[in-house]
Amino acid sequence: MMPCVDAQSRQPTTEATALPSILDVPKDRIGELMHELGEPSFRGRQLWGALYRSLATSFDDMTDLAKSLRGKLDQQFRIACATPSIETRSADRSTDKTLFRLDDGELIETVLMRYDADGHRKRRKTVCISTQAGCALGCTFCATGQQGFRRQLSVGEIVDQVLYMERVARAEDQREIEQGERSRGDLQGVTNVVFMGMGEPLANYDNTMAAVRVLNDDQGLHIGARHITISTVGLPDQIERLGHEPVQINLAVSLHAPDNATRSETMPINARYPIERVIEACRAYIARTNRKVFFEYVLLRGQNDSAAHAARLGKRLRGLLCHVNLIPVNPTSDGPFGRPSREAAKAFQDGLAGYGVPSTVRVEKGIDINAGCGQLRARALRQSA
Ligand code: SAH
Ligand code: SF4
């Protein structure tokens with residue numbers, strides 16, 4: 001593991017902290033704002049492009065805009081609303097994890113994962129982002145769940161995590177082009193975004209969906225909807241609501257057990273929404289969208305990883321338009337669970353295949369940098385305690 005470094009840039013001044021972030025101003029409001037400042041509406045489009053396409057970090061960098069306008073914006077707003085406080089990189093350099101400090105001192109985590117091309121998929125860079133500081137849902141294998149709920153993230157705080165990692169990704173693309181490792185047409189930046197960091201995205205529904213629209217906007221980052229995945233603990237009403245959204249994102253549902261007795265042992269939310277209700281919502285989502293649902297299944301040794309569990313899961317999901325991601329648990333310091341062996345994971349996969357249910361065993365990235373959900377924050381808090 002690389003040593004943790006304290007990021008030196010982007011420390012907010014006290015004065016700057018008092019200003020709202022422009023990243024929290026919705027697109028339609030930006031046009032109105034320009035009107036209020038006596039500017040033509042195309043300035044709003046320029047400002048939007050400067051923020052989400054050119055990734056400006058200060059209004060002063062926006063040289064398309066008149067100096068007087070830049071000055072007015074600078075008096076009313078700042079840009080960044082998440083300040084990196086610890087940055088780590090895995091030994092194989094594939095994974096970066098950043099702990100951000102928000103204005104009120106809350107800490108959230110973001111991960112950048114670099115994947116080489118393989119037989120099925122192109123080279124890609126995926127950012128895993130947080131939607132809440134902490135989480136109220138208390139899953140027992142999850143470091144975030146063990147720390148409790150702090151607050152919802154704003155749209156700007158969600159989007160800023162991607163902007164930060166996009167700058168990292170573009171800078172390394174640029175370096176590789178200069179070193180002749182890649183051609184100029186190969187500029188890539190962040191290709192995929194997964195809402196799998198801290199918190200429950202569908203419990204912060206409106207801000208999550210507003211952030212999706214910003215990320216997907218063709219005048220900005222323009223990350224394809226099919227390259228965006230929202231992971232949920234399985235809130236049925238919100239899953240059904242998501243099915244009615246016009247934007248075609250991927251849905252991942254955290255199942256982690258084939259039956260109510262097993263699921264209730266690690267996921268307290270199961271007492272409120274039993275597994276039948278979660279699957280019923282998924283069925284409605286599939287019927288409405290005709291899109292495949294991904295089920296996340298964290299393999300916990302001796303808890304949910306036996307042949308009998310695989311058979312029960314296979315029976316439950318048989319015939320459903322779905323794919324199961326099997327994830328050997330990333331053990332947390334306080335959690336009681338260990339990882340099953342590679343063979344046990346393979347046997348579980350074979351068990352599902354017997355019912356015609358497709359699955360993949362996920363190769364974990366960044367275990368050496370506490371890349372699991374909430375683990376870096378937990379470590380930072382332990383160290384500062
Ligand atoms: N709250 C949402 C999204 C954030 S968690 C959800 O639960 O889906 C993202 C994924 O990481 C979930 O599938 C979650 O169960 C999984 N996860 C949590 N703790 C983990 C751990 N210690 N090891 C592996 N996966 C974990
Ligand atoms: Fe919350 Fe997801 Fe962690 Fe469960 S797994 S505690 S829902 S963040």
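**Entry 1: ligand 1.** I note that the model is predicted. I then looked up Ser 231, where a side-chain N or O atom lies 2.7 Å from an oxygen atom of ligand 1.

I next asked how much of ligand 1 the protein covers. On its own the ligand has 530 Å² of accessible area, and the protein covers 92% of this. Strand S8 (228-232) and strand S10 (293-299) are the elements that give two or more residues to the shell.

I recorded 18 residues around ligand 1, with Phe 141 and Ser 254 among the closest. By class, I listed 8 nonpolar, 8 polar and 2 charged residues.

**Entry 2: ligand 2.** I turned to ligand 2, which 9 residues surround. The closest are Cys 135, Cys 139, Cys 142, Gly 145 and Val 233. This shell holds 6 nonpolar and 3 polar residues, and no charged ones.

**Entry 3: two helices.** Finally I looked up helix H2 (residues 27-36) and helix H3 (residues 42-52), whose axes come within 8 Å. At what angle do these axes cross? I noted roughly 130°. H2 and H3 are therefore oblique to each other, since an angle must be over 145 degrees to count as roughly antiparallel. I recorded the crossing of H2 past H3 as right-handed.

Key
Residues numbered from 1 in each chain as written. Chains lettered and ligands numbered in written order. Predicted model: local features only at pLDDT ≥ 70, side-chain atom pairs only at ≥ 80, totals over all residues. Heavy atoms only, no water. Near = heavy atom within 4 Å. Nonpolar A, V, L, I, M, F, W, Y, C, P; charged D, E, K, R; others polar. Polar contact = N/O pair within 3.5 Å; in protein donor to acceptor, adjacent residues only side chain to side chain. Areas by Shrake-Rupley, 256 points an atom, 1.4 Å probe, with all protein chains shown as cover. Helix = DSSP H or I, 4+ residues; strand = E, 2+ residues; numbered from the N terminus. Axes fitted to C-alpha atoms, helices over the stretch in contact; angles between N-to-C directions. Parallel < 35°, antiparallel > 145°, perpendicular 65-115°, else oblique. Left-handed = near helix turned anticlockwise from the far one by under 90°.
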